[in-house]
Structure formats: structure tokens, C-alpha cells
Amino acid sequence: MTVAPLRVVIADDQALMRTGFRMILKAAGIDVVGEAGDGAKAVSMVRKLRPDVVLMDIRMPDMDGLQATRRIVAEIPDCRVLILTTFDLDRYVYAALAAGASGFLLKDVTAEHLVASVRLVTTGDALLAPSITRRLVERFARPDAPPAAVHGDLSTLTLWELQVLRHVARGLSNAEIATQLRLSEATVKTHVARIFAKLHLRDWAQAVVLAYETSLVSPGE
């Protein structure tokens, strides 16, 4: 059975950056089905082409990457957005994660990491190490602000699921959570899957954001 290649849209106002990413992805067998120089064109293109992944620059004219990400996640929830940034602790990266992006890449990413990230993010696994997401949230989260693109009633979670979510937000991996809670790693993965389903979360990044913005955990905890 032949597996269809992944389909990607690149949104960046620098043509040279788009060209470089396109060449890398195409060489790896990933289809670049569209390119956009601003957020508005990116949203329109995603509506029409329904790609698997969007590589999204944050700072673009007409409509920035944050607003574009919110619209794409709301309208085409199966599409994953990877934010392109220059700084790994850019406050806009946190805002993008809260808006529903599934992760971020530095613009000087290696070719191998770019390709691996595009492939990984479509599986729902964590592209960001939870510890990196935690650092972003601890630096920029506002506990008094309502969650942006993540939602759900924590009261629907069992005590075990709340414990697992707390550990996810603290930056622990599945294996580390299993050790802390004296559970098997398979059991932890089951709890994580149930948490995502109950709270309508797409990935680990959203889980960490939600845990902080609902004060389930606090910065520095």
C-alpha cells in the first residue's frame, strides 16, 4: 500500500527562506503544495489546499502568524501549525502555542531536524520537549487569562489523570511520569490519551498551556 506524501504550506514573508525550506522538504519526499508571503494568504491557501502541516512565520504583513494560526486551527483542526521563529524563548512563540500551534522551529534549524519535525507533528506526538514548553509557559503565561485554543472542564478528569497532567506540565516525559507515579509507561500513555480526549487537546504543548492557565500548576512549582 502506497502512503501519500505529506503536504505542506510554507508561510514566510522572506522568499529566500521559503525557497530553502521548499528545497529541503522536497528532497525528503514531502510535497510543498503552496507558499504564502503573509498570514491572510496562508489562511486562504490552507482553506483551499488542506495541507497536513503549515510552517508559519510569526512576523508577517497584513495578518501576522498568530492570527493566521488561530484561524487555521479553528477552521481546519486536522492541520498542524509549526511556528518559525528566530528566538527559542520569544514571547510570540508562547502566544502561538496558546493559539493552537503544535510546536516551533528556529529558523536556523538543520535540514534533518526540519524534515523530522514535519513528519513527527502529524502523529500527535510531542514535537517540543515538555520541558521547553514549560519554560515558555512559566515565562509568559497569564493565569488570569482564559485558555485560547485549549479548553475543557478539569472536573471531568480522574485523580490519576489530574496527577498525570500535572507532571506533563512540569516537563516530565511519559517514562519519568511512570517512575514518579509508580505506573507502567503504557498506563501513563493511556491516561494521556484520555486527558487529550476529555479536554479536546491536540498535543502536549496545549496540555502544558492549559495546565498553567487553569492554575493546575503554577510557575516555578
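User: Is D108 buried or exposed?
Analyst: This is a predicted model, where local features need pLDDT of at least 70, side-chain atom pairs count only at pLDDT 80 or more, and totals for chains, interfaces and linings use all residues. Residues are numbered from 1 along each chain as its sequence is written, and side-chain values use heavy atoms, with hydrogens and water left out. Buried means under 20% relative accessible area, exposed over 50%, partly exposed in between (1.4 Å probe, protein chains only). D108 has a relative accessible area of 63%, so it is exposed.

User: Where in the secondary structure is D108?
Analyst: Helices (H or I, at least four residues) and strands (E, at least two) are DSSP runs, numbered from the N terminus. Strand β5 covers 103-106 and helix α5 covers 111-121. D108 sits in the loop between β5 and α5.

User: How many Å apart in space are D108 and T86?
Analyst: In sequence, D108 and T86 are 22 residues apart. C-alpha to C-alpha, their separation in space is 7.7 Å.

User: Why is helix α10 largely enclosed by the rest of the structure?
Analyst: Helix α10 spans residues 204-213. Its buried residues include W204, Q206, Y212 and E213.

User: What does V164 touch, not counting residues up to four places away in sequence?
Analyst: Contact means heavy atoms within 4.5 Å. On that basis, V164 touches I177, L181, V188, H191, V192 and I195.

User: Is H167 buried or exposed, and which residues is it in contact with, leaving aside neighbours within four places in sequence?
Analyst: H167 lies in helix α7. Its relative accessibility is 10%, so H167 counts as buried. Its contacts are L172, I177, Q180 and L181.

User: What percentage of the residues in the chain is buried?
Analyst: The chain holds 10 helices and five strands. Of its 221 residues, the buried share is 49%.
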